[in-house]
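Reader: I have a protein model open beside its sequence, and I would like to learn how to read it one feature at a time. Could you take me through it slowly?

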Amino acid sequence: MKKSLLPFTIFLTLFLISCTKEEPKIVKEPSEDILFFDDFEKGDLSQTENNVSYGSSTYSSVSNKVKKDGEYSLEFYYKGGPQGEDAFSEQRISYPNTGELWIKYDLYIPNNYIHRKENSANNNKFLAVYKSDYRHPGFQVNWSLSPNNTGGSNLTLHRYRNGTEQPSISPSGGLGTNFITEDDRGKWIHIMARVKAPSSENATDGVMQLWKNDILVCDETTLNMYGGIDENFMNELYLMGWSNSGYLEDTIFYIDNLSLSYSSF
Ligand SMILES: [Ca+2]
């Protein structure tokens with residue numbers, strides 16, 4: 001009997017070896033090209049993925065008050081103040097060095113959103129993408145909001161070239177006019193943005209594109225915004241940011257379903 005079992009034992013051994021050898025390793029792949037996704041359902045900012053993680057929070061925190069999906073979103077709390085008083089809320093995120101980044105998220109525009117006009121109500125930060133350290137600009141761009149004089153906001157672009165800030169511009173063709181209006185109050189809007197560093201110092205192929213509710217509201221593809229030698233890439237961003245206009249009342253935005261990608265979603 002023992003002898004008759006031998007071929008089977010050999011077969012079983014070989015079979016097990018072959019299984020061990022050929023069994024594919026289970027590696028958690030990023031879903032297609034998505035670098036990072038957070039629906040905030042962890043209830044905090046502990047989400048990390050592909051070396052993407054949250055940095056400093058300024059009056060921003062995960063909240064269950066207003067959400068697009070699930071139970072949680074990221075709250076941006078701008079404290080109200082008299083005319084002339086600024087306000088500040090910002091969330092930083094770091095990611096691996098890249099020449100191109102796509103960002104998308106849902107953004108809740110508060111019911112009481114009013115972009116008040118005063119002497120220095122321009123340049124309310126909306127989305128900044130840059131090479132860290134923000135205080136020492138290499139590659140650095142941002143979209144900001146300016147008053148449209150009816151309580152809403154127009155979109156404006158800012159960029160640096162070789163460490164020097166370039167004149168701010170409005171999206172060509174008036175695309176960014178009335179970017180946020182009273183019609184958006186109390187609603188979620190969908191934001192998608194693409195930033196691509198130019199290919200060389202003199203190249204005019206830098207890209208800043210932004211979509212609101214899947215409509216292109218900024219389509220700049222010929223920007224000169226070289227970051228400098230060893231500086232021409234991005235690895236940090238911040239959502240929202242300093243408001244030069246400030247707000248009369250406490251004004252609270254929410255972001256949900258944040259995604260980052262190196263290429264088109
Ligand atoms: Ca959520």
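**Reading the strands and loops**

Author: Let us begin with a sheet: 7 strands form an open sheet, in the order β2-β5-β14-β7-β8-β9-β10, and their pairing is antiparallel. The strands β2 (53–58) and β10 (164–165) stand at the edges with a single partner strand each, so one side of each is left without a neighbour in the sheet. Two strands pair if DSSP finds at least two bridges between them, while strands (E, at least two residues) and helices (H or I, at least four residues) are DSSP runs numbered from the N terminus.

Reader: What kind of model is this, and how are the residues numbered?

Author: This is a predicted model, in which local features need pLDDT of at least 70 and side-chain atom pairs count only at pLDDT 80 or more, whereas totals for chains, interfaces and linings use all residues. Residues are numbered from 1 along each chain as its sequence is written.

Reader: How many helices and strands does the protein chain have, and what percentage of its residues are buried?

Author: The protein chain has 1 helix and 15 strands. A residue is buried if 20 or more other C-beta atoms, placed from the backbone, lie within 10 Å of its own, exposed if 12 or fewer do, and partly exposed in between. Of the 265 residues in the protein chain, 36% are buried.

Reader: Which strand is joined to β2, and by how many bridges?

Author: Strand β5 (residues 87–98) is joined to β2 by 4 bridges, and the two run antiparallel. To find the place by eye, look for Ser-53, which stands opposite Ser-94 in β5.

Reader: Which strands pair with β12?

Author: Strand β11 (residues 187–196) is joined to β12 by 6 bridges and runs antiparallel to it, with Ala-193 having Leu-210 of β12 as its bridge partner. Strand β13 (residues 215–223) also pairs with β12 in the antiparallel sense, over 6 bridges, and here Gly-206 stands opposite Leu-223.

Reader: What should I look for in the backbone of the loops?

Author: Most residues other than glycine have a negative phi, and most peptide bonds are trans. In the hairpin of β12 and β13, with 2 residues between the strands, Asn-213 takes a positive phi near 50°. Asp-214, in the loop between β12 and β13, has a positive phi of about 70° although it is not a glycine, and it counts as exposed because it has 7 C-beta neighbours inside 10 Å. The peptide bond from Ser-132 to Asp-133 is cis, with omega near 20°, and Asp-133 lies in the loop between β7 (124–130) and β8 (140–147).

Reader: Where is Lys-68, and which residues is it in contact with beyond its neighbours within four places in sequence?

Author: Lys-68 lies in the loop between β3 (60–63) and β4 (73–78), and it is partly exposed because it has 17 C-beta neighbours inside 10 Å. Two residues are in contact if their C-beta atoms, placed from the backbone, lie within 7 Å. Leaving aside neighbours within four places in sequence, Lys-68 is in contact with Ser-73, Asp-106, Trp-188, Asp-256 and Asn-257.
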